[in-house]
Amino acid sequence: MSEYADKTVVITGAAGGIGQAISHAFASAGAHVVLLDQDAERLEHLTQTLQASTDSVRVTTLIADLTDAASVEAAAGSLRQAGQTVHVLVNAAGLLRQGRVVDMSVEDFDAILAVNVRGVFLSCKYFVPLMQQGGAIVNLSSVSAFAGSDGSTVYTLTKGAVSSFSLGLAQELAPRHIRVNALCPGWVDAGFTHQVMADTEQPEVLEQAARDAHVLGRMAKPEEVAQAALFLASETQASFVTGTNLFVDGGFMIKR
């Protein structure tokens, strides 16, 4: 029997590209997956897909705005009222806004920080109390936290914050035997990459550049990132791993 068969896993940003892959991975491993997102329609579609692909899947959906404290607190409160303990928290929600610092609007700056930084903080603030002794938190960071990119400076800022936050939280929660790690993908053939491709005049050129940025000569599949999240959350495979940034980048960083 899978180690996740008796565990509850909360996944924020579950309706996103990587979030969906992570949801499928944990559901396939037998976990009770709690899918949190503000997009009710996409969450419903994900739930139906999970139920169609995985036998006896246990799914709970929570509609919440991660940038709003009351909304996140209410979502966590619904689990508390149901007597639900959380064993794993995966913060996969994210927002990308591109633009150089001098060109980016203050509104876009506030929006990206609200999701990528405030959202992670609020998620941990309200769901960690539902975690008993033991457990794991996986925060989605990025290679961008360690390798700047012209036009994505603010996104880089937010992912640097996520990685640093994870290090501090790992120390804070160690007495409760809760491990905290950050997951740092390179280019992933999903979500944000597709968004950037759609916004460029020569998507094929950008796609080739994204492939060439990795030693392995391709982008990651979202499922490969999901498997790394499954590893970091595992008490049998990663029980002594905490306070680290795990690169799932196909050799992106060694080409810098």
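Is Ser 123 buried or exposed? Ser 123 counts as buried, because its relative accessibility is 0%, and by buried I mean under 20% relative accessible area, with exposed being over 50% and partly exposed in between (1.4 Å probe, protein chains only).

Quick housekeeping before I go on. This is a predicted model, with residues numbered from 1 along each chain as its sequence is written, and local features need pLDDT of at least 70, while side-chain atom pairs count only at pLDDT 80 or more. Totals for chains, interfaces and linings use all residues, and side-chain values use heavy atoms, with hydrogens and water left out.

Okay, back to Ser 123. You'll find Ser 123 in helix H4; helices (H or I, at least four residues) and strands (E, at least two) are DSSP runs, numbered from the N terminus. Leaving aside residues up to four places away in sequence, Ser 123 touches Thr 12, Leu 66, Val 72, Leu 89, Asn 91 and Val 128, where contact means heavy atoms within 4.5 Å. Take Asn 91 from that set: Ser 123 and Asn 91 are 32 residues apart in sequence, with 7.5 Å between them in space, C-alpha to C-alpha.

Helix H4 also holds Gly 119. Gly 119 counts as buried, at 2% relative accessibility. With residues up to four places away in sequence not counted, Gly 119 touches Leu 66 and Ala 114.

Now the nonpolar cores. A core here is a set of buried Ala, Val, Leu, Ile, Met, Phe, Trp, Tyr and Cys residues joined through side-chain atoms within 4.5 Å. The largest one has 36 residues, and Ile 11, Ile 22, Phe 26, Val 90 and Leu 183 are those with the most contacts inside it. Who supplies it? At least two residues each come from strand E1 (8-12), helix H1 (17-28), strand E2 (32-37), helix H2 (40-53), strand E4 (88-91), strand E5 (135-140) and helix H8 (222-233). H8 gives the largest share, seven residues. There's another core apart from that one, of 28 residues, and among them are Val 10, Val 72, Leu 79 and Val 128.

Not counting residues up to four places away in sequence, Ile 11 touches Gly 19, Ile 22, Ser 23, Phe 26, Val 33, Val 34, Leu 35, Leu 36 and Val 90. As general background, nonpolar side chains tend to be buried together in soluble globular proteins.

Some nonpolar side chains do show up on the outside, though. Val 215, Leu 216 and Ile 254 form a nonpolar surface patch, with about 340 Å² of accessible area together. Patch members have over 30% relative accessible area and no salt bridge; like charges are joined within 9 Å, and nonpolar side chains (Val, Leu, Ile, Met, Phe, Trp, Tyr) within 5 Å. The areas come from the Shrake-Rupley method with a 1.4 Å probe, and for residues only the protein chains shown count as cover. Val 215 is in the loop between helix H7 (203-212) and H8, and counts as partly exposed at 48% relative accessibility.

How many disulfides? Cys 124 is in no disulfide, and the nearest cysteine sulfur, that of Cys 184, is 15 Å away. Both are buried: Cys 124 at 5% relative accessibility, Cys 184 at 0%.

Last topic, salt bridges. The whole structure has six of them, each being a side-chain nitrogen of Lys or Arg within 4 Å of a carboxyl oxygen of Asp or Glu. One joins Lys 7 and Glu 3 at 3.6 Å, N to O, and Lys 7 is buried, with a relative accessible area of 14%.

Another pairs Asp 108 with Arg 97, the closest N and O atoms being 3.4 Å apart. Asp 108 lies in helix H4 (residues 106-127) and Arg 97 in the loop between E4 and H4, so this pair ties together parts eleven residues apart in sequence. Asp 108 is partly exposed at 27%, and so is Arg 97 at 29%.

Then there's Asp 150 with Arg 100, 2.6 Å from N to O. Asp 150 lies in the loop between E5 and helix H5 (153-173) and Arg 100 in the loop between E4 and H4, so the bridge ties together parts 50 residues apart in sequence. Asp 150 counts as exposed at 58% relative accessibility, whereas Arg 100 is partly exposed at 48%.

Key: A disulfide is a pair of cysteine sulfur atoms within 2.5 Å.
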